[in-house]
Amino acid sequence: QWASCWFMPLSLVDSLGVGSEVVFAGGLMGKITKIEGDFAVVELSRGVEVKVQRASVISVLPEGTLNNL
């Protein structure tokens with residue numbers, strides 16, 4: 001099965017949770033702080049949060065990746 005986005009398997013969307021470190025289709029990276037249905041609130045940097053569609057995630061990073069950039 002595929003999510004509404006053509007490039008991402010549904011299982012990746014379902015695996016996202018609070019604390020997941022992710023990369024979005026536009027290249028932004030951040031940590032998920034809240035899940036709200038089909039959307040996720042993501043912290044891009046300390047104090048900067050955005051709400052994005054979960055289907056826009058193209059990759060889940062290994063834990064701790066963002067702290068080492």
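Helices (H or I, at least four residues) and strands (E, at least two) are, in this presentation, DSSP runs numbered from the N terminus.

Good morning, colleagues. The model is a predicted one, in which local features need pLDDT of at least 70 and side-chain atom pairs count only at pLDDT 80 or more, while totals for chains, interfaces and linings use all residues. Residues are numbered from 1 along each chain as its sequence is written, and side-chain values use heavy atoms, with hydrogens and water left out.

Let me begin with the chain as a whole. Of its 69 residues, 33% count as buried; buried means under 20% relative accessible area, exposed means over 50%, and partly exposed lies in between, with a 1.4 Å probe and protein chains only. The chain exposes about 4,500 Å², of which carbon and sulfur atoms supply 54%; such areas come from the Shrake-Rupley method with a 1.4 Å probe, and for residues only the protein chains shown count as cover. A contact means heavy atoms within 4.5 Å. Among the contacts in the chain with a separation of 6 or more, 40% are accounted for by residues 24 or more positions apart.

I turn now to the helix. Val13 is found in helix H1, residues 10–15, and counts as buried because its relative accessibility is 10%. Val57 is 44 residues away from Val13 along the chain, yet their C-alpha atoms are separated by 7.5 Å.

Next, the largest pocket. A pocket is defined on a 1 Å grid over the protein atoms alone, as an open set of points where a 1.4 Å probe fits, with protein on both sides within 12 Å along at least five of seven lines; lining residues have an atom within 4 Å of a point. The largest pocket has a volume of about 240 Å³, a volume being the space filled by probe spheres set on the points.

Which residues line the largest pocket? They are Glu21, Met29, Lys31, Glu43, Leu44, Ser45, Arg46, Leu66, Asn67 and Leu69. Strand S2 (29–36) and strand S3 (39–45) each supply at least two residues of this lining, and S3 gives the most, with three residues.

Glu21, which belongs to strand S1 (residues 21–24), counts as buried because its relative accessibility is 3%. Its side chain reaches the backbone nitrogen of Thr65 at 3.0 Å. Leaving aside neighbours within four places in sequence, Glu21 is in contact with residues including Gly30, Lys31, Val60, Thr65 and Leu66.

Thr65 itself lies in the segment after strand S5 (57–61). Is Thr65 buried or partly exposed? Thr65 counts as partly exposed, because its relative accessibility is 22%. Between Thr65 and Val22 there are 9.5 Å in space, C-alpha to C-alpha, and the two are 43 residues apart in sequence.

Finally, strand S4. Val50 is found there, within residues 48–53, and counts as partly exposed because its relative accessibility is 28%. Apart from neighbours within four places in sequence, Val50 is in contact with Ala40, Val41, Val42 and Leu44. Leu44 is also one of the residues that line the largest pocket. From Val50 to Gly30, 20 residues apart along the chain, the C-alpha separation is 9.5 Å.

Note on methods. A polar contact is a pair of N or O atoms within 3.5 Å; within protein, one must be able to donate a hydrogen and the other to accept it, and residues adjacent in sequence count only if both atoms are side-chain atoms.
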